[in-house]
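Subject: Structure handover

Hello,

Here is the structure I promised to pass on. Please open it alongside this note.

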Amino acid sequence: MTSLAQPRHVLVIGAGVVGHACALALQARGYPVTLTDPDRAGLAASWGNAGHIATEQVEPLASLAVLRSAARRHYAFGGALDIRNPVQLAPWILRYLRACAPRRFEAGREALRGLLADALPAWRRLAAAVQAPQLLCETGHWVCWESAGSAKRGRRGWRSADTGTAGFADLAEDRLESLRTRLRAPLAGAIAFEGTAQIADPVALSGALAAQFARNGGERRFDRIDALIERDGRVHARSADGVTPEADAILVCAGVRSRELMASIGVTAPLVAERGYHLQWRDHEWPELPPVVFEDRSMIVTRFESGLRVASFVEYAAVDAPPDPGKWRRLHEHVRQLGIPVHGEPVQWFGARPTLPDYLPAIGRSARHRSLYYAFGHQHLGLTLAAITGEMIGGVMAGDDGAGSEAFAIERFGR
C-alpha cells in the first residue's frame, strides 16, 4: 500500500470527537495536522450524547430483530423511533433492509465485535495522552425496568445478546432499593453492566482534546468545507468562501455532512441524519451513579460534572430540519413521571448521528483517490469508537500492516 511514509501535512475536516481523536493520533505519528470545522459553539452530536462508552452494543442495529420491533418502538405509540421523511429516506431504507439479511448481520457483528473489544483500552490511552485520565470513568452502567413483564423480557433479551467484552449481573438489592427510594415510578428489576464506561463531562473532554491538539502544534481553522476536488493527482478541500486549505492528504470526519463531501468527488457514502434529543439540568439532586438506562422509556440518564442529562430518541430527518419540540416535552414528562429530582429549566439540545445503512462505520482510505481518507458513520457509537478509530486511521495513513479493515471500507456501498 502506498502511504504517507514521511510526516506531511494532513487536513482533518470535522472537529467532533472522532476528528479530534484522529488528529491527535496523526500528530502522535509525526504528521503536521490542520483541523477545520465551522462549529464554534460545540453543538455537534459528539458533545450532545449520553457520554456512554457502549462496548456492549456489539450487534449492529441493521438486524431482523430490530426490524421486527420497529412498530412497537414508534414515536406515535410512545416509543423513541420517528421517521419524519419516509419518502426521502426510501433509498436508504432499501439499503438498510438488505443489510438486515442474516449473513450480512453476522459479518457486521464480527467486525464490530473486534472494534469494540479495543474501544475501552484505546480510550485509556487517549485519556492519558490528553493528560486527563480522570475524564474516563469505568463504572459500568445500569439498565432498569418498571414492570415485571418488561424486566423478564429485558433480561431474556440481554442474555441472548452478544455483548462482547462487557458483562452484566442483577443489580445488587441494596443499590436497587436505594434507586427505588429516589424515584416516583416503581422499579421491578435492574441489571448492572461492567466493562463499559462513561465520560465524566463532554465539555471537559472537548476542552482537553482541543488543548492537547494545540500543545502538539496543530492549526485550528473554522472553514465550512463544501466540496472536495482532485487536482495535480491529489484531493483538495474547497471552503464555502473559495479558500483551498493546503494539505498533502485529506481526512473526512464531518459526520452526516461527509455524504455531500464524498459525493462531490464521486464517492458514495449513503449517510442519513439519525437525530437524538436531550435535556440537561444544572440544578439537580441525582446521586453519583453510573449512567442509568430506563429501557421501557428508551431513555438514559447520565450525571456529568456540568449537570444531569436525560437523552433519547432515534429521529430520521433531514439534517437541517427544525427540531420537534414534542420530543423535549416527552422527555420532560418522563422525568416528571419517574420523579427524577431536577430543578429549574433545562437546556434543550438536538443533534444528528451520522448513520450508514448497515450500522457500521466507514474507516479507511479511498481506493480511487489515494490522498483521501475517511472516518465517519459511527451512528450511536461515535464517542465509544472515537479513540480506536483515531488509532486505526493513524495506522492506515502510515501504511501499517493490518491497520485497516475491508468491513469498514466505504467501497462496500458501490459507486
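Below is what turned up around one lysine and among the aromatic rings.

Keep in mind that this is a predicted model.

Start with Lys 327. This residue is part of helix H11, which covers residues 325-338. Lys 327 is buried because its relative accessibility is 0%, and the cut-off for buried is under 20%. Its side chain makes a polar contact of 3.0 Å with the side chain of Glu 315. The charged end of Lys 327 also sits over the ring of Tyr 75, 4.2 Å from the ring centre. Leaving aside residues up to four places away in sequence, Lys 327 touches Tyr 75, Asp 82, Tyr 277, Phe 313 and Glu 315.

Now the rings. There are twelve aromatic pairs in the structure. In one of them, Tyr 75 and Phe 313 have ring centres 5.8 Å apart and planes at 80°, so the pair is edge-to-face. Tyr 75 is in the loop between helix H3 and strand S4, Phe 313 is in strand S18, and 238 residues separate the two. Both are buried. Tyr 75 and Phe 313 also belong to an aromatic cluster with Tyr 277, Trp 328 and Phe 350.

Phe 168 and Phe 193 form a tilted pair, with 5.1 Å between centres and 45° between planes. Phe 168 lies in strand S7 and Phe 193 in strand S8, so this pair ties together parts 25 residues apart in sequence. Phe 168 is partly exposed at 27%. Phe 193 counts as buried at 4%.

One more charge over a ring: Arg 40 lies over the face of Phe 222, 3.9 Å from the ring centre.

Best wishes

Note on methods: Residues are numbered from 1 along each chain as its sequence is written. This is a predicted model: local features need pLDDT of at least 70, side-chain atom pairs count only at pLDDT 80 or more; totals for chains, interfaces and linings use all residues. Side-chain values use heavy atoms; hydrogens and water are left out. Helices (H or I, at least four residues) and strands (E, at least two) are DSSP runs, numbered from the N terminus. Buried means under 20% relative accessible area, exposed over 50%, partly exposed in between (1.4 Å probe, protein chains only). A polar contact is a pair of N or O atoms within 3.5 Å; within protein, one must be able to donate a hydrogen and the other to accept it, and residues adjacent in sequence count only if both atoms are side-chain atoms. Contact means heavy atoms within 4.5 Å. Rings of Phe, Tyr and Trp (its six-membered ring) pair if their centres lie within 6.5 Å; planes under 30 degrees apart count as stacked, over 60 as edge-to-face and the rest as tilted. A charge sits over a ring if NZ of Lys or CZ of Arg is within 6 Å of the ring centre and within 35 degrees of the ring normal.
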